[in-house]
Amino acid sequence: GEKNQYLKLRVCVATCNRADYSKLAPIMFGLKAHPDEFELEVVVLGSHLIDDYGNTFRMIEQDDFDIGSKLHTIVRGEDEAAMVESVGLALVKLPDVLQRLRPDILVVHGDRFDALALATAAALMNIRILHLEGGEVSGTIDDSIRHAISKLAHYHACCTHMAEQHLIAMCEDHSRILLAGCPSYDKLLSSHHREDYMDIIKSWLGDNVGEHDYIVALQHPVTTDIQQSIKIYGLMLDALISFNKRTLILFPNIDAGSKEMVRVMRKKGIEQHTNFRAVKHIPFEQFIQLVCHAGCMIGNSSCGVREAGAFGTPVINLGTRQTGRETGENVLHVRDADTHNKIYHALELQFGKRYPCSKIYGDGSAVPRILKFLRTIDLSEPLQKTFCFPPVKDSISQDIDHILETQSALAVDLGGTNLRVAIVCMRGNIVKKYTQSNPKTFEDRMQLLLKMCADATRDAVCLNCRILGVGVSTGGRVNPQEGVVLHSTKLIQEWSSVDLRTPISDALHLPVWVDNDGNCAALAERKFGHGKGVENFATVITGTGIGGGIIHQNELVHGSTFCAAELGHIMVSLDGPECSCGSSGCIEAYASGMALQREAKRLHDEDLLKVEGMDMKHSEPITAAHLINAARLGNSKADAVLNKASTALGVGIINILHIVNPSLVILSGVLASYYQVPVQRIISERALISAQSIKVVTSDLEEPALLGAASMVLDYATRRIY
């Protein structure tokens, strides 16, 4: 309302243990950085204050936050009853504190029993609650607690797309859900490339250990099945002992069952074992470096299924604790570990591998989004929650615009002359485009490409676009499964076996798809152009060169060595003019822009190009356009050249019709509009009767290469296949 624009928003952040603090800290720093808008109060309770867990409230003091209240709320005993009593103790102590602080909003995180106490107290005291990380599913009792907190909370900042959909399905009000991404990723992605990471690794694991050559193990009890957790814990330790790699093992958290797990660890002599380092607590920034450079992470910590994916670190998730979570392809689940052999085998499979970085849980801009969301909270709105129960018949249709607007791709076009990057949204609108001329050497080109992509991802946040991945369209032959340019056209020298995926994925923490420009043009037509809804069609690009792509049963045809649909090199003559590919008689040697320009120059040199009514500056370079113009004005020599070109192209396209029998041919590129009529005519004269009726149309797309590159991301990022 009116009054609160002059008042600061009083935000109380409550933290219970080291895990939730790592998610809350970035938000606390963000609030503290805007003292004119927000007043931050910090309440610490739960296992932060217990020395067995390393007295982790000291981390908070070291980060320079004033702790307004410390509440001892843990009843010792580490069994189910103790957890329940702890909730009760917190409920007894919290009302005084909340009454004294009178916050406008209380921020709680996650699914721990302490968080349930916080949310219960605040809801009953009419304090607005912002819940972080609601809507997720991990496959344990935590799910029930997490969903219960979501029901008590007034606002939600969730991490993944699926979590947002779950909250909507749970009847939470769409307008009060923010898809923010995980706040810990803001820190992850910014501190990811630390120079001193080897020092950190050595300080925790000893001097003689290398990058990707050690294991991080972190296993917590599953409170609904304590016996099973203890058994799996023992098997994990056996497997690690026999796997014989340096291992950093963290003590389990405070849940029921942790005492017994520590007993198992002591019985197996882990703390004395030369290969193991057993620790209670590691500061988050250092822990992240350790996970990022590990050969493998094992256990059932949520860090493995969430944060580790951002670095492509291989993970083995044991038991049922995280089975419901969305994960990248770096996670291997061992759901029922009945023998240590099975775990040992998983270690053999995963140890030392690397996976593409996955951004399911965030893109590094969660905190600015959350602060922006907090600024929009209107304290004069009624505090009473309204639930959005689904209408009994209608479907929930309120969020498609939001999806269409924001989900976007970074499209890259590696042309011969220009390097272009664009942000393209689901609808195929080019939101913003960046163009630079392409440097000559590989190093410079890569560096410029990464810089342009980084600029675009920064701008995307302000443009309300969420980048799902990067698509690259390039000349030459590409292995799209590996993201490697095998060898490129004449245009781009010194590109052979160039891995484009890894450097881009490492720099941007995004999945990357690569394909050649012909295939990208076909993909663009499939998603945004004449190919929409057409199962079988071919796209032929008639530009400087000739290329294209074939869509068969809705998918691209790549071929066994990735040179399917090299349409420019369909041969239509046993001799014919020489082609840039080294052969002769290819349709590219007859009908491409380069071929027409070559013929135009030849006629010009023999003084046969100029005709009445055609004005030519003496200085200007001769191009295909002059040839077309001369033919239009009645020059029979030019006309004969173009006839031959159209015939070659038409015959080439008939070959395509007779091999894959598409229902549509789309001509794209600068010469498309010129060739469309003659090609259609040649098909009707020369093709088999069953293929004569196939339509030839001209593409309407402005930017086929960029749109095709984007479509790989927009189609596949949601399908999770590379």
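**Figure 1. The second largest pocket of this predicted model has a volume of about 570 Å³.** A pocket is an open set of points on a 1 Å grid over the protein atoms alone, with protein on both sides within 12 Å along at least five of seven lines. Grid points are joined across faces, edges and corners, and a volume is the space filled by probe spheres set on the points. Lining residues have an atom within 4 Å of a point. For the second largest pocket, 22 residues form the lining, and Leu178, Leu179, Arg369, Lys372 and Asn464 are the closest to its centre. Two or more lining residues come from each of helix 6 (161-169), strand 7 (177-179), helix 15 (366-375), helix 16 (400-406) and helix 17 (442-462). Helices (H or I, at least four residues) and strands (E, at least two) are DSSP runs, numbered from the N terminus. Helix 15 gives the most to this lining, with four residues. The model is predicted: local features need pLDDT of at least 70, side-chain atom pairs count only at pLDDT 80 or more, and totals for chains, interfaces and linings use all residues. Residues are numbered from 1 along each chain as its sequence is written, and side-chain values use heavy atoms, with hydrogens and water left out.

**Figure 2. The lining of the second largest pocket, by class and by domain.** The classes here are 10 nonpolar, eight polar and four charged residues. Ala, Val, Leu, Ile, Met, Phe, Trp, Tyr, Cys and Pro count as nonpolar, Asp, Glu, Lys and Arg as charged, and the others, Gly among them, as polar. Domain 1 (9-182 + 366-376) and domain 3 (399-529 + 708-721) each supply at least three residues to the lining of the second largest pocket. The domain bounds come from an automatic or database domain assignment.

**Figure 3. The largest cavity holds about 710 Å³ of space.** Rolling a probe the size of a water molecule over the atoms shows where empty space is left. A cavity is a set of grid points where a 1.4 Å probe fits but cannot get out. By this rule there are seven cavities of 30 Å³ or more. The lining of the largest cavity has 38 residues, with Arg18, Ala19, Asp20, His220 and Ser302 nearest its centre. Helix 1 (18-32), helix 5 (141-152), helix 11 (284-292) and helix 12 (302-305) are the elements that give two or more residues to this lining. Helix 1 gives the most, with five residues. By class, the lining of the largest cavity divides into 12 nonpolar, 14 polar and 12 charged residues. The largest cavity lies between domain 1 (9-182 + 366-376) and domain 2 (187-350), because both give residues to its lining.

**Figure 4. Asp517, listed by UniProt as "active site" in an unreviewed entry.** UniProt positions follow the numbering used here, feature names are shortened, and annotations may be inferred rather than shown by experiment. Asp517 is found in helix 19 (residues 517-528). Its relative accessibility is 34%, so Asp517 counts as partly exposed. Buried means under 20% relative accessible area, exposed over 50%, and partly exposed in between (1.4 Å probe, protein chains only). Leaving aside neighbours within four places in sequence, Asp517 contacts Ser473, Thr474, Gly475 and Ile541. Contact means heavy atoms within 4.5 Å.

**Figure 5. Arg477 in strand 18 (residues 477-479).** The unreviewed UniProt entry places "binding site" at Arg477, Thr489, Asp517, Glu566 and Glu588. Not counting residues up to four places away in sequence, Arg477 touches Val484, Val485, Leu486, His487, Thr561, Phe562 and Cys563.

**Figure 6. Two loop residues, Asp64 and Cys171.** Asp64 is not a glycine, yet has a positive phi of about 75 degrees. This residue lies in the loop between helix 2 (57-62) and strand 3 (67-71). Asp64 has 54% relative accessibility, so it counts as exposed. Cys171, also not a glycine, has a positive phi of about 75 degrees. The loop that holds Cys171 runs between helix 6 and strand 7. At 11% relative accessibility, Cys171 counts as buried.

**Figure 7. Domains and spacing across the protein.** The assignment gives domain 1 (9-182 + 366-376), domain 2 (187-350), domain 3 (399-529 + 708-721) and domain 4 (531-700). The centres of domain 2 and domain 4, taken over C-alpha atoms, are separated by 59 Å. Thr502 is found in helix 18 (residues 501-508). Thr502 counts as partly exposed, at 36% relative accessibility. C-alpha to C-alpha, Thr502 and Leu132 are 32 Å apart in space and 370 residues apart in sequence.
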